[in-house]
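This report describes selected helices, sheets and side-chain arrangements of one protein model. Please keep the sequence and the structure in view while reading.

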Amino acid sequence: MEQTNSATAATPAADNQAQEQILVRITGQDRPGLTAAVMAILAKYDAQILDIGQADIHSTLSLGILIRMDEMHSGQVMKELLFKATELGVNIGFSPIGDDEYEDWVGHQGKNRYILMVMGRELEARQIEAATRLIADQGFNIDAIRRMTGRKSIKNPAKHIRACIEFSLRGEPADRQEMQRQLLRLSEEMEIDCSFQRDDMFRRMRRLICFDMDSTLIQTECIDELAERNGVGAEVRAITESAMRGEIDFKESFTRRVALLKGLDVSVMQDIAEHLPITEGVDRLMTILKRCGYKIAILSGGFTYFGEYLQRKYGIDYVYANELEIGDDGKLTGRYVGEVVDGHRKAELLKLIAQVEKVNLAQTIAVGDGANDLPMISEAGLGIAFHAKPRVVANAKQSISSLGLDGVLYFLGFKDSYLGDQGKM
């Protein structure tokens with residue numbers, strides 16, 4: 001009976017043992033099994049793991065573990081960890097974390113999170129300094145930094161090199177509009193692209209992507225190519241440029257340009273299609289989007305003939321563009337058939353396709369370069385101006401000007417290491 005009482009009395013003493021938090025920091029040369037060896041010691045003393053994080057840069061490890069355990073055993077645990085660190089050839093340090101300090105840290109975890117992407121052909125310290133200075137000025141804390149692109153070879157550099165770094169930020173911007181203006185300024189002055197997005201579930205669950213075609217998927221305006229073959233290139237280009245700058249209504253400019261194509265033999269269209277200059281990164285982007293199950297659409301103020309050619313080439317799901325009228329003699333009549341796909345229509349089509357595919361608008365992406373792309377860029381959950389006119393860049397929250405179209409993948413959270421061989425293209 002006395003033994004039973006003794007055992008019963010010992011239990012509350014164990015339950016009431018004072019607890020403390022200790023931050024364990026380990027740095028040094030990484031090696032397989034290092035984390036397991038540390039965890040084996042912590043497991044022996046039933047330590048709770050409150051937080052853990054690790055980074056590995058050029059085989060150099062930085063590992064942090066926040067533990068909570070009995071004060072009675074903490075000294076022995078630190079002693080054993082010191083011996084193990086010496087055995088493994090790494091550095092180890094300990095910092096006590098008070099209860100109030102820990103609770104304050106927990107309270108901050110509920111704050112909103114954002115992702116800032118910085119990318120370019122190459123990234124230098126001056127560009128990273130400018131971006132991180134802006135982050136600090138806006139009151140953000142950087143929780144994590146990830147490199148999204150592969151490491152470049154010094155001896156055998158790739159033809160189209162890319163560099164992209166992702167900053168995971170906690171907090172709210174002090175001035176969201178001012179931050180967007182400063183990011184635009186950085187992009188212009190330092191030849192980089194910046195993407196600032198809220199880090200919510202929709203950012204990781206995009207499902208529908210809509211592209212403009214001319215000067216986006218291809219590096220030309222098809223109507224200009226047709227005009228050259230019909231001897232009216234200069235006249236059509238002047239109208240095109242004015243329309244893309246937003247100086248004249250798209251429908252009016254389209255009607256005027258199509259009229260100048262009258263008399264062109266339809267066989268010319270096939271030759272142009274077979275020699276379309278595909279934008280850098282399109283092959284890689286399309287392969288990965290299809291592999292990952294994205295629905296892909298072309299919403300173009302250009303022509304269905306060329307959109308359908310790209311549809312067959314890349315397995316694109318939807319094509320909406322303008323249909324040229326062809327006469328019985330096999331020549332263009334200078335008129336079009338059906339409704340003009342202008343900026344307003346592009347935005348409508350994006351919403352329609354999203355509805356058909358049962359996709360939330362927040363899960364949609366729109367990519368384009370001209371003023372007539374702004375309505376769908378504004379409507380989409382992620383709107384991206386690609387090598388766009390200044391007015392378009394100024395009105396789009398995201399833009400790409402330094403890389404090929406596959407730069408869109410980084411905005412979607414893809415790392416080159418996720419993509420296997422396609423990541424090396």
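## Terms and basis

A residue is called buried when its relative accessible area is under 20%, exposed when that value is over 50%, and partly exposed in between, with a 1.4 Å probe and protein chains only. Helices (H or I, at least four residues) and strands (E, at least two) are DSSP runs, numbered from the N terminus.

The model is predicted, so local features need pLDDT of at least 70 and side-chain atom pairs count only at pLDDT 80 or more, while totals for chains, interfaces and linings use all residues. Residues are numbered from 1 along each chain as its sequence is written, and side-chain values use heavy atoms, with hydrogens and water left out.

Helix 3 covers residues 71–88, and its 18 residues should span 26 Å at 1.5 Å a residue, which agrees with the 26 Å between its end C-alpha atoms; the expected span is 1.5 Å times one less than the number of residues. The buried residues of helix 3 are Ser 74, Val 77, Glu 80, Leu 81, Ala 85 and Leu 88. They cover an arc of only 145 degrees around the axis, which places them on the same side of helix 3, the arc being that of the directions from the helix axis to the C-beta atoms. An α-helix has 3.6 residues a turn, so residues three or four places apart point the same way.

The buried residues of helix 3 pack against strand 1 (19–29), helix 2 (34–44), strand 3 (60–70) and strand 4 (90–97), where contact means heavy atoms within 4.5 Å. On the face turned away from the buried side, helix 3 carries the exposed residues Met 72, Phe 83, Thr 86 and Glu 87. Helix 3 is followed by Gly 89, whose phi is positive, near 75 degrees.

An open sheet of four strands has the order 6-7-5-8 with antiparallel pairing, two strands being paired if DSSP finds at least two bridges between them. Strand 6 (141–147) and strand 8 (193–198) are the edge strands, each pairing on one side only. Within this sheet, strand 5 (residues 113–120) and strand 7 (residues 163–170) run antiparallel and are joined by eight bridges, and Met 117 stands opposite Glu 166 in strand 7.

Helix 5 (residues 125–137) packs on the sheet by touching strand 5, strand 6 and strand 7, and its direction makes about 15 degrees with that of strand 7. Helix 6 (residues 176–190) also packs on the sheet, touching strand 5 and strand 8, and its direction makes about 155 degrees with that of strand 8. For these angles, axes are lines fitted to C-alpha atoms, for helices over the stretch in contact, and angles run from 0 to 180 degrees between N-to-C directions.

Strand 14 (residues 382–386) pairs with strand 15 in the parallel sense over three bridges, and the bridge partner of Ala 385 in strand 15 is Ser 399.

## Aromatic pairs

Rings of Phe, Tyr and Trp (its six-membered ring) pair if their centres lie within 6.5 Å, with planes under 30 degrees apart counted as stacked, over 60 as edge-to-face and the rest as tilted. By this rule there are eight aromatic pairs. One of them is tilted, because the rings of Phe 254 and Phe 303 have their centres 5.9 Å apart and their planes at 40 degrees. This pair links distant parts of the chain, with Phe 254 in helix 9 and Phe 303 in strand 10, 49 residues apart. Phe 254 counts as buried at 1% relative accessibility, and Phe 303 likewise counts as buried at 1%.

The rings of Tyr 305 and Phe 306 have their centres 5.5 Å apart and their planes at 75 degrees, so this pair is edge-to-face. Tyr 305 is partly exposed at 31% relative accessibility, whereas Phe 306 is buried at 0%. Ring pairs also link Phe 250, Phe 254, Phe 303 and Tyr 336 into a cluster.
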